[in-house]
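Please look at the sequence and the structure shown here before reading on. The report then describes selected parts of the chain.

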Amino acid sequence: MAICPILRMGHPLLGRLAEPVTHFDTPELHGLVRDLRDTMVASQGVGIAAPQIGVSLRVVVFSVASHPSHPDVEALPFTVLINPVLEPQSTEMNEAWEGCLSVPGMRGIVPRYNHIHYSASDIQGVPIRREVRDFHARLVQHECDHLDGILYPYRIRDLRLFGFAEELLLDRWVEK
Ligand code: NI
């Protein structure tokens with residue numbers, strides 16, 4: 001098990017286009033996925049992409065526990081997506097708060113597609129195809145953006161809705 005340091009916004013590796021994985025089920029790929037999982041769990045994140053631990057490959061993982069205080073947040077089992085490709089299923093978008101392990105302590109309101117289809121491979125190279133909405137769709141869009149060098153602050157439309165979580169009085173926004 002290895003908990004890796006997480007690169008923060010400004011590090012040049014986070015801005016790169018990550019390379020596709022060409023060999024599946026290798027010890028290196030299993031090691032990378034273990035490192036991603038351990039680092040995500042230790043940081044209490046719900047998702048992480050390989051570039052965030054300094055590996056410029058198209059690999060993301062996510063895992064979401066159910067939260068009684070956030071019924072809109074769907075529980076999702078631990079999932080590995082390799083070489084993911086997203087396709088929006090409509091032009092409709094919604095805005096919600098996001099945070100990122102590479103932008104610690106900050107939150108921002110980010111527009112994302114409501115409804116997407118995604119395809120990827122799992123660690124063995126077996127295809128995964130899913131059509132998802134809302135929170136699941138948002139999480140996958142956020143993580144896959146990392147593979148194209150995009151961090152969520154780049155997508156914020158109104159920078160007044162970006163700041164330190166401790167200062168934002170998020171409850172006030174969530175209530176409405
Ligand atoms: Ni992130």
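**The nickel site.** In this predicted model, the nickel ion has the protein donors C100 (SG), H142 (NE2) and H146 (NE2), at 2.1 to 2.3 Å from the ion. Along the chain, these donors are spaced as C-x41-H-x3-H. H142 and H146 are both part of helix 2, four residues apart, or about one turn of the helix. An α-helix has 3.6 residues a turn, so residues three or four places apart point the same way.

| Residue | Relative accessible area | Class |
|---|---|---|
| H142 | 6% | buried |
| H146 | 2% | buried |
| R58 | 15% | buried |

H142 is classed as buried because its relative accessibility, 6%, is under the 20% limit.

**Helix 2.** Helix 2 covers residues 134-147. From its first C-alpha to its last, the helix reaches 21 Å, close to the 20 Å expected for its 14 residues at 1.5 Å a residue. Twelve of these 14 residues are buried, so the helix is largely enclosed by the rest of the structure. Among the buried residues are R138, E143 and D145. After helix 2 comes G149, which has a positive phi, near 75°.

**R58.** The loop between strand 1 (47-49) and strand 2 (59-64) contains R58. The side chain of R58 reaches the backbone oxygen of A18 at 3.1 Å. Beyond its neighbours within four places in sequence, R58 is in contact with several residues, including E19, N83, L147 and D148. One of these, L147, is also a buried residue of helix 2.

Notes:
Residues numbered from 1 in each chain as written. Predicted model: local features only at pLDDT ≥ 70, side-chain atom pairs only at ≥ 80, totals over all residues. Heavy atoms only, no water. Donors = N, O, S within 2.8 Å, 3.2 Å for Na, K, Ca; no water. Helix = DSSP H or I, 4+ residues; strand = E, 2+ residues; numbered from the N terminus. Buried < 20%, exposed > 50% of the residue type's maximum accessible area, 1.4 Å probe, protein only. Expected span 1.5 Å × (residues − 1). Polar contact = N/O pair within 3.5 Å; in protein donor to acceptor, adjacent residues only side chain to side chain. Contact = heavy atoms within 4.5 Å.
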